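Have the viewer open as you read.

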Amino acid sequence: MEHMFHKTRLFTPGPTPLLPAAQFAMAAADLHHRTPEFRALYQRVLEQLRTFVGSTNDVVLLTSSGTGAMEASIANLTSPGDRVLVLTAGKFGERWTGLAKAFGCQPDVVSAPYGQTLPLEAAQAALRSDTRLVLMQATETSTGVRHNVQAVAEMLRAAGSDALLVVDAITGLGTTHLDMDAWGIDVLIGGSQKAVMIPPGLAYLAVSERAWKRMETTKNPRYYFDLRKERKVAAKGESAYTPGVALIAALGAAFDYIAAQADGDLAKGRVALVENAETCAAMMRAAVPALGMRLFAPEAPAAAVTAVMPPEGVDSGIIVKQLKARFGTIVANGQGEMKGQLFRVAHLGFFDPLDTLAVIGALEQVTVDALPPSKFQLGDALAAAQRVFAERSRALDKAASNDSSKISVGAVPAGVGR
Ligand SMILES: *Cc1c(COP(=O)(O)O)cnc(C)c1O
């Protein structure tokens, strides 16, 4: 072991690194949930959440992992026998099929191979007059792919479909621009352990009026995840059951931090958060070929996470293990049958470009002995990432100075020598 001293760093796409201010807020949140103090906190956080999601629709906050909000969407919006269209290209897309079946729905499934994005024409062809829901991901965390939500929404509108569009944006929120109201998304789902920098345990959904209306007639069972009940009590600053009080305090602190990146404007702070993830992801993508590796999803890469295929003949598990053993750096292996074929490096939430340089530097050390010196030298991948950072910084600065009302990207403090 060459290092006697390790600093643990998470580069996993959920849970992600925790924001210190959110951890302090959690520690201080010694409140009862049926008090005016909690009601004030809850109402404030729900309002921030609506701004963060970027919609005028009502949002519902659930104390559960992200899958709870996915289940809530199916339980509240379907009746047994309903046909639903699942657009899937990975493990999280497959979760929609499993959930739909668990609630007695008939899923029609349109899939793309892992690493690719959804085939729109096939989706259109599979849409039926009785399709009740269309289910998809904004970003497929298992493969590092970004799907085109806007195109699916437009396709549904052009087809005059009554189907509600339900989008799992659990790693999409805070990493990709999503305009729920303008595009006509009916349910947009997020989760706490992803871009909002707090621990797992909260899930949230923004719900369109069309979707609220649908719930009046649907028949599937729901109790804990009864969205209409939550909406009703949320109007009074309450939740139906004991909420994750400490996590809600943490979420408020995280939104304050995101807003502070853009002079207190949370909507602009979200844009900065997305651009920051885009910068880190672009740096990572530039480093990958310089490491003698390949991108698993080169066509439609997500900013949330980059999936990387190791050099030919190397099990990705070895890289995952070595990064942990030598540098305390935790990246995610492939999920399911992708285990061993790829590893995933996250960019969503509390990461900045210096974190990305750190993980690239660790990857260089881990792979240097596996590749011939003619193919790879220490510093090649870092240099590629540095060039991308410099280019993007210049472009973002230029955009900001052309429009002084635009965001200044928090992760790139002005005046840093470049
Ligand atoms: C993390 C994640 C989920 C939710 O997983 P939980 O473990 O239930 O929080 C769902 N969809 C996507 C795309 C995710 O990345």
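Asp168 places a polar side-chain atom 2.6 Å from a nitrogen atom of the ligand; a polar contact here is a pair of N or O atoms within 3.5 Å, and within protein one of the two must be able to donate a hydrogen and the other to accept it, with residues adjacent in sequence counted only if both atoms are side-chain atoms. Two further side chains face oxygen atoms of the ligand: an N or O atom of Thr141 is 2.5 Å from a ligand oxygen, and an N or O atom of Lys194 is 2.7 Å from one. On its own the ligand has 380 Å² of accessible area, and the protein covers 88% of that (Shrake-Rupley method, 1.4 Å probe; for residues, only the protein chains shown count as cover).

Before going on, note that this is a predicted model, where local features need pLDDT of at least 70 and side-chain atom pairs count only at pLDDT 80 or more, while totals for chains, interfaces and linings use all residues. Residues are numbered from 1 along each chain as its sequence is written, and side-chain values use heavy atoms, with hydrogens and water left out.

Now widen the view to the shell around the ligand. There are 14 residues around the ligand, and Ser65, Thr67, Thr141, Asp168 and Lys194 come nearest (a residue is near if one of its heavy atoms lies within 4 Å). By type, the shell holds 3 nonpolar, 8 polar and 3 charged residues; Ala, Val, Leu, Ile, Met, Phe, Trp, Tyr, Cys and Pro count as nonpolar, Asp, Glu, Lys and Arg as charged, and the others, Gly among them, as polar. The largest share, 3 residues, comes from helix H3 (helices are DSSP runs of H or I with at least four residues, strands are runs of E with at least two, numbered from the N terminus).

Zooming out, the protein chain divides into domain 1 (9-15 + 265-411) and domain 2 (20-259), with bounds from an automatic or database domain assignment. Their C-alpha centres lie 27 Å apart. Across the boundary, 32 residues of domain 1 are in contact with 31 residues of domain 2, contact meaning heavy atoms within 4.5 Å. The two domains bury about 2,800 Å² between them, 67% of it on carbon and sulfur atoms (accessible area, 1.4 Å probe, lost on being put together and summed over both parts). In domain 1, Leu266, Arg270 and Phe350 lose the most area to domain 2, together 23% of what that side buries.
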